[in-house]
Amino acid sequence: MTLALAFIETSATGEIRNTAAMLIAAAAKLGTPVAVVASAPGRGDSLSAQLGALGAAQVYIAETDQAGSLLIAPHIAALEAAAAALQPSAIVLAHSIDGREIAGRLAVRLRTGLLVDVVDVRVDGDAVIATHSVFGGAYTVEATVPGGGPAIVTVRQGAIDARAAAASPTLTTESITVDAAPAAVIDAVHAAVVATDRPELRGATRVVSGGRGLGSQANFALVEQLADALGAAVGASRAAVDAGYVPQTSQVGQTGITVSPQLYVALGISGAIQHRAGMQTAKTIVAINKDADAPIFDIADFGIVGDVFTVVPQLIDALGARAE
Amino acid sequence: MKIIVLVKQVPDTWGERRLDTSTGQLDRSASDAVIDEIDERALEVALQYKDSHDAEVIALSMGPSTVTEILRKSLAMGADAALHVKDEALSGSDLSRTAAVLAAAITKSGFDLVIAGNEATDGRGGVVPAMIAEHLRVPSMTYLDSVEFGADGISGVRGDEHGTVAVHASLPAVISVTEASAEARFPNFKGIMKAKKKPLDVWTLADLGLDSSGFAPSTEVTSTTERPARTAGKKIVDEGNAGNELAEFLAAGRLI
């Protein structure tokens, strides 16, 4: 069976990022999964055990003192070394900020094809087939990398739910040298302080979003209250972001995050195409809006024409009563 | 300092966007084509530097004839010159070919700094700037929320899923900027008039020394399917009990 590499991102202190399980599962769909990590020397055994538990059949650790001091370059060098040694059919990375820069540079360096932001992968004969969800899920496009080189694939975070069975991996540790010349330098890393225990919007199974209909930043608290009652992540329409109710990182839509949760609740959101393109693949859509003609109702499974400031508090009370 | 800003023409995100399901390519007739907003911010980062320093700002785009419109807008905002890579053979280019051709144009033009938007609103890939940097063999710093021009290079803050990273690189370099970067200026009447006299050069693959026949794409679309339109479900008007009814609906669907 052919090998498929999964590139595992780690924090500055060496902890495995939460995309690892999904990436190993994706690699397992394409071949024997090999987890590849660029690491400071001496962390191999602990990483190997953790990655084995996530299903890696092999673990390839590329050790360099520059992991953590050069941006991206150590990761590319690690994958370049692993690809040369193992001749994989595919290299799978997260479609994260780091993942896409690594994948882009690696595809050029290895002179091979790149398939980005995919939501699923499979093998058809010798070919790696990737599924893209385009324009907010309006289209499903399948694509492949013809020719010999490994297919480089970035997977949308949270898109693949499958998990690989735990394995006892074989560990390979290689020392690599990184060419610092074409690399940017890391001066400082500031981990984000997680202010709430709310789920992250990207990949959330439930999302409550607010729009211009909330009327003010203070009123937007209503969205957060319902989100907490449902254990949901908080999102917003572009109109709410532009009005300054919430930061841009909460924006759902064509120029924000695309979500595909089990439940999406839209409060005071009219449902412009801008917004719909970011959430229309949700399993169940609930909308509450004063305007009976709001386009959001065209795609809502349950729509309420009404005032969010009376309907939502009643809903929160009803949810509380059920919980008891 | 010679700054090249990459600008892309995309379907307007406020309207419907369509793919041609027979080719898998964008249906350009279905939407209004506009300059991608994020590229206006990239251009603004360059123009703010030019406002107070000696700099030449060049807008570069690849695409069909309609791309002239967004290059004219870039010139009206304040770019000094525009470059349009246009060649029939480039229709349907994938990421690899796009990056290779843009890198060839950047090399031909010469540059100290390339600024791009972090990701286009149509493709959402966010990889082309890094690919171009690899072709050019220069440092890349993508997804910068802020950019500082220093005496010997560029520094910035890069936001990722886990926090922020302060980074710097020597020039020449390629950077991409996010929506958190500069707010773009509007072209004024004077800028629009001046833009008509600024140079807008059109380059073909031959001009770039590239041979279209030996230029196979490295990826291939095998199928394109349109998702069936979503239909409306139950819609009620609140008469004082809608919150409770919604709780019932969520419970019945095992969503709570």
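This is a predicted model: local features need pLDDT of at least 70, side-chain atom pairs count only at pLDDT 80 or more; totals for chains, interfaces and linings use all residues.
1. Overall form of chain B. Chain B holds six helices and 13 strands. Along the principal axes, its C-alpha atoms fill a box of roughly 65 × 45 × 40 Å. Of the 256 residues in chain B, 44% are buried. Among the contacts in chain B with a separation of 6 or more, 69% link residues 24 or more positions apart.

2. Extent of the contact between the chains. Chain A contributes 72 residues and chain B contributes 67 residues. On the side of chain A that touches chain B, the largest share comes from helix α4 (residues 97–109) of chain A, with ten residues. By class, that side of chain A comprises 42 nonpolar, 19 polar and eleven charged residues.

3. The axes of α4(A) and helix α4 (residues 128–136) of chain B come within 8 Å and cross at roughly 40°. An angle of this value makes α4(A) oblique to α4(B), and the crossing is right-handed. From α4(A), the residues that take part are A:Arg100, A:Glu101, A:Gly104, A:Arg105, A:Ala107, A:Val108 and A:Arg109, which meet B:Ala130, B:Met131, B:Ala133, B:Glu134 and B:His135 of α4(B). The class count for this contact of α4(A) with α4(B) is five nonpolar, two polar and five charged residues.

4. Strand β7 (residues 139–144) of chain A and strand β12 (residues 220–226) of chain B run antiparallel and are joined by six bridges. One of the residues concerned is A:Thr144, whose bridge partner in β12(B) is B:Glu220.

5. Six strands form an open sheet with parallel pairing, in the order β12(A)-β11(A)-β13(A)-β14(A)-β15(A)-β13(B). Its edge strands are β12 (233–236) of chain A and β13 (234–237) of chain B, each of which pairs on one side only. With direction ignored, neighbouring strands of this sheet are turned by 15° against each other on average. Within the sheet, strand β11 (residues 206–210) of chain A runs parallel to β12(A) and is joined to it by four bridges. A:Gly210 stands opposite A:Ala236 in β12(A).

6. Helix α8(A) lies across β13 (263–267), β14 (284–289) and β15 (302–305) of chain A, and runs at about 135° to β14(A). Chain B also supplies a helix that packs on the sheet: α6 (residues 242–252) touches β14 and β15 of chain A together with β13 of chain B. The direction of α6(B) makes about 175° with that of β15(A).

7. Packing of α5 and α8 in chain A. The axes of helix α5 (residues 221–230) and helix α8 (residues 308–323), both of chain A, come within 10 Å and cross at roughly 20°. That angle makes α5(A) roughly parallel to α8(A), and the crossing is left-handed. On the α5(A) side the contact is made by A:Leu222, A:Gln225, A:Leu226, A:Ala229 and A:Leu230. On the α8(A) side it is made by A:Val308, A:Phe309, A:Val312, A:Leu315, A:Ile316, A:Leu319 and A:Gly320. This contact of α5(A) with α8(A) has ten nonpolar, two polar and no charged residues.

8. Two buried helices. In helix α1 (residues 20–30) of chain A, nine of the eleven residues are buried, so this helix is largely enclosed by the rest of the structure. The buried residues are A:Ala20, A:Met22, A:Leu23, A:Ile24, A:Ala25, A:Ala26, A:Ala27, A:Ala28 and A:Leu30. Helix α2 (residues 67–77) of chain B is mostly covered, again with nine of its eleven residues buried. Among the buried residues of α2(B) are B:Arg72 and B:Lys73, as well as B:Ile70 and B:Leu71. Just after α2(B), B:Gly78 adopts a positive phi of about 140°.

9. Leaving aside residues up to four places away in sequence, B:Ala173 touches B:Leu113, B:Val138, B:Pro139, B:Ser140, B:Met141 and B:Ile154. The C-alpha atoms of B:Ala173 and B:Val127 are separated by 15 Å, with the two residues 46 apart along the chain.

Methods: Residues are numbered from 1 along each chain as its sequence is written. Chains are lettered from A and ligands numbered from 1 in the order in which they are written. Axes are lines fitted to C-alpha atoms, for helices over the stretch in contact, and angles run from 0 to 180 degrees between N-to-C directions. Angles under 35 degrees count as roughly parallel, over 145 as roughly antiparallel, 65 to 115 as roughly perpendicular and the rest as oblique. A crossing is left-handed if the near helix is turned anticlockwise from the far one by less than a right angle, and right-handed if clockwise. Two residues are in contact if their C-beta atoms, placed from the backbone, lie within 7 Å. Ala, Val, Leu, Ile, Met, Phe, Trp, Tyr, Cys and Pro count as nonpolar, Asp, Glu, Lys and Arg as charged, and the others, Gly among them, as polar. Two strands pair if DSSP finds at least two bridges between them. A residue is buried if 20 or more other C-beta atoms lie within 10 Å of its own, exposed if 12 or fewer, and partly exposed in between; C-beta atoms are placed from the backbone.
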